[in-house]
Amino acid sequence: MSNLIARLKQLRYETCAFNGHNFPYFGAKVFFEKGDIVAYRAWKEGIYECDIINLLIKFMDKDSYYIDVGANIGLMALPALSLLPSIKCVSIEPSPNTFRLLERTAQNSPYADRWITRNCALWSQETNLDFHVSEKNHAAFDSVTATGRTAVSNVQTVKATTLDHEWKKLDRPKISVIKIDVEGAELEVLKGGKELLEKEKPILCFEAESQNLKAFGLLPQDLWTWADTNAYQLFTVPSLAHIGRKEHVAIQIKGSEMLLAVPV
């Protein structure tokens with residue numbers, strides 16, 4: 001945690017340069033839409049989702065890949081790329097509005113040779129999907145299904161591929177950590193990574209937000225069932241409280257909507 005705390009102190013000074021369109025963050029310039037709620041949180045807090053990214057960094061192996069599914073503007077990629085010079089990151093973002101900002105940030109960063117960006121959705125199979133786009137400043141809520149958490153601005157068709165397909169495109173490298181935050185479609189992403197998960201057994205971190213899951217006809221307990229079936233154990237993030245029984249998931253996510261899945 002010491003490296004992140006040191007960076008937090010430095011970032012408090014750097015973020016005075018927040019100008020409504022970009023701001024300095026872990027050695028790069030992050031671009032965003034004016035009024036974006038995620039960018040504002042990063043500026044206000046110093047480090048976006050500090051406890052979560054700090055935990056994930058501890059599980060990233062040297063010379064491995066970190067896959068960030070639902071990457072938004074790249075705030076969960078930059079700390080890892082900055083602090084771990086041997087890792088490579090694949091950031092996957094389906095939103096057409098958000099992706100152009102993510103790509104601009106990545107291409108203009110000092111980590112461009114280790115940072116791959118993909119403009120697609122991840123799903124259980126390769127297909128085309130309707131994608132519900134929110135107002136630009138609420139792009140973090142864009143989803144394959146309208147979740148009701150924010151107003152939908154328009155619906156666009158996006159290309160969807162699978163975790164396995166993306167892994168094979170990279171020539172099956174070592175994957176140590178996968179973060180998935182896709183507004184309720186987390187299980188669909190996991191279903192599309194069967195071969196990768198069996199071979200690499202990465203640490204997984206995914207969202208378990210009840211309203212998002214309900215929009216897909218799911219319950220938080222379904223995530224526990226998937227983990228149990230696929231030889232993973234679930235823990236809350238960042239407290240790392242073990243969720244040993246399916247019946248406890250709905251209670252424990254009230255204190256934390258991010259879960260860590262660790263291979264048995």
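This is a predicted model: local features need pLDDT of at least 70, side-chain atom pairs count only at pLDDT 80 or more; totals for chains, interfaces and linings use all residues.
A231 sits in the loop that links α10 to β11. Its phi is near 60°, which is positive although the residue is not glycine.

K201 also has a positive phi without being glycine, with a value near 50°. K201 belongs to the loop between α8 (194-200) and β10 (203-207). At 49% relative accessibility, K201 is classed as partly exposed.

## Helix α10

Helix α10 covers residues 220-229, and its buried residues are P220, L223, W224, W226 and A227. Viewed down the axis of α10, these buried residues fall within an arc of 160°, so they line one face of the helix. An α-helix has 3.6 residues a turn, so residues three or four places apart point the same way.

## Helix α5

Helix α5 (residues 96-107) contains 12 residues. From first C-alpha to last, α5 reaches 17 Å, close to the 16 Å expected at 1.5 Å a residue. Its buried residues are T98, F99, L101, L102, T105 and A106. They fall within an arc of 165° when seen down the axis of α5, so they line one face of the helix. That buried set packs against β2 (28-31), α4 (78-83), β4 (88-92) and β5 (115-118).

## T105

T105 is part of helix α5. With 0% relative accessibility, T105 counts as buried. A polar atom of the T105 side chain lies 3.0 Å from the backbone nitrogen of F31. Apart from neighbours within four places in sequence, T105 is in contact with K29, V30, F31, I73, L78 and W115.

## Strand β4 and its two partners

Of the 5 residues of β4, 4 are buried, so the strand is largely enclosed by the rest of the structure. Strand β3 (residues 65-69) runs parallel to β4 and is joined to it by 5 bridges. I67 has V90 of β4 as its bridge partner. The chain passes from β3 through α4 to β4, and this β-α-β crossover is right-handed.

β4 also pairs with β5, again in the parallel sense, over 4 bridges. Here S91 has T117 of β5 as its bridge partner. Together, β4, α5 and β5 make up a right-handed β-α-β unit.

Strands of a sheet pair through backbone hydrogen bonds, either parallel or antiparallel. In this model, an open sheet of 8 strands shows mixed pairing, in the order β5-β4-β3-β9-β10-β13-β11-β12. Its edge strands are β5 and β12 (242-243), each of which pairs on one side only.

The bridge partner of L234 in β12 is I243. The loop between β11 and β12 contains P238. The peptide bond from V237 to P238 is cis, with omega near 10°.

Technical notes:
Residues are numbered from 1 along each chain as its sequence is written. Side-chain values use heavy atoms; hydrogens and water are left out. Buried means under 20% relative accessible area, exposed over 50%, partly exposed in between (1.4 Å probe, protein chains only). Helices (H or I, at least four residues) and strands (E, at least two) are DSSP runs, numbered from the N terminus. The arc is that of the directions from the helix axis to the C-beta atoms. The expected span of a helix is 1.5 Å times one less than its number of residues. Contact means heavy atoms within 4.5 Å. Two strands pair if DSSP finds at least two bridges between them. A crossover is right-handed if, with the strands pointing away from the viewer, the path from the first strand over the helix to the second runs clockwise. A polar contact is a pair of N or O atoms within 3.5 Å; within protein, one must be able to donate a hydrogen and the other to accept it, and residues adjacent in sequence count only if both atoms are side-chain atoms.
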